[in-house]
Amino acid sequence: MNSATIATLPRRFFHGWVALFRHLLPPTTYFFVAFNLIVFTTNLLAHNYWFNLSSFLLASTTALVVGKVVLVVDHVRIIDKFRGAPLIQPILYKTIFYSVVVLVARFLENLVDVAFEAHSLEQIYQMMLNDFTWHRFVAVQVWIFVCFLIYVTASELNALVGDGQLRRLFFHHRSSEYGLTRRQHIRALTEISRLARDTPRERLLDPTSPQGSRLAELIDRLRRRNA
């Protein structure tokens, strides 16, 4: 191994951790806010108090577990099984896949906690059967499924219209700056995606073909700004 390769190892290590953190941050932040919002409203409605530290820590820990699960599962090839299918199929598939993996992870985590307190397999079984709060476990899992459904739907829409486009439309896009309204902007992006998918490359890049002419028109409309 030469000196140049050794010198680049820390940089690769740093960039790898940055990429890992950037992948982990969005789902963890989303589920942190979602779970704590659910806990907050539940405390107000059922217990009549504003804040409970143990509930906050439980919700935050669960969000971290879910974020790690998303990070791991996104690197499994089977997660993209329905790529190219109608949008409802990858959304439901990924939602169920994520939810099942989190279900198994949560169950094993609780099983390990019980195993540390028990002294035999029979005692573990009795504690899981009698002392474990299954109704709370199921209720949390239902909310995890709902939150995953929202998260995956937003992710798939973002991938469909172009990575980062939803963020721009929500936080940066101003209709007055473009010749298109938000609805026309999304429709133009969707039509470009459809043209790229259904049209051969040579025909799409040929400005004399109907598809090439339409592509150029859509791109000009997206780039056009009011004077």
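The largest nonpolar core of this predicted model has 19 residues, and those with the most contacts inside it are Phe31, Phe35, Val66, Tyr98 and Phe148. A nonpolar core is a set of buried Ala, Val, Leu, Ile, Met, Phe, Trp, Tyr and Cys residues joined through side-chain atoms within 4.5 Å. At least two residues of this core come from each of helix 1 (3-47), helix 2 (53-73), helix 3 and helix 5 (134-161). Helix 2 gives the most, with six residues. Apart from this core lies another, of eight residues, including Ile192, Leu204, Leu215 and Leu218.

Phe148 has a set of partners beyond its neighbours within four places in sequence: Phe31, Val66, Val70, Thr95, Tyr98, Ser99 and Val102 are in contact with Phe148. Contact means heavy atoms within 4.5 Å.

Phe148 also belongs to one aromatic cluster, together with Tyr30, Phe31, Phe35, Tyr98 and Tyr151. The structure holds eight aromatic pairs. One of them joins Tyr93 and Phe97; this pair is tilted, with 5.8 Å centre to centre and 50° between the planes. Rings of Phe, Tyr and Trp (its six-membered ring) pair if their centres lie within 6.5 Å; planes under 30 degrees apart count as stacked, over 60 as edge-to-face and the rest as tilted. Both Tyr93 and Phe97 lie in helix 3 (residues 88-117), four residues apart, about one turn of the helix. The table gives their accessibility.

| Residue | Relative accessible area | Class |
|---|---|---|
| Tyr93 | 17% | buried |
| Phe97 | 22% | partly exposed |

Buried means under 20% relative accessible area, exposed over 50%, and partly exposed in between (1.4 Å probe, protein chains only).

As for the protein as a whole, there are nine helices and zero strands. Helices (H or I, at least four residues) and strands (E, at least two) are DSSP runs, numbered from the N terminus. Buried residues make up 30% of the 227 residues. Among contacts with a separation of 6 or more, 61% are between residues 24 or more positions apart. The accessible surface comes to about 15,900 Å², of which 64% belongs to carbon and sulfur atoms; such areas come from the Shrake-Rupley method with a 1.4 Å probe, and for residues only the protein chains shown count as cover.

Residues are numbered from 1 along each chain as its sequence is written, and side-chain values use heavy atoms, with hydrogens and water left out. In this predicted model, local features need pLDDT of at least 70 and side-chain atom pairs count only at pLDDT 80 or more, whereas totals for chains, interfaces and linings use all residues.
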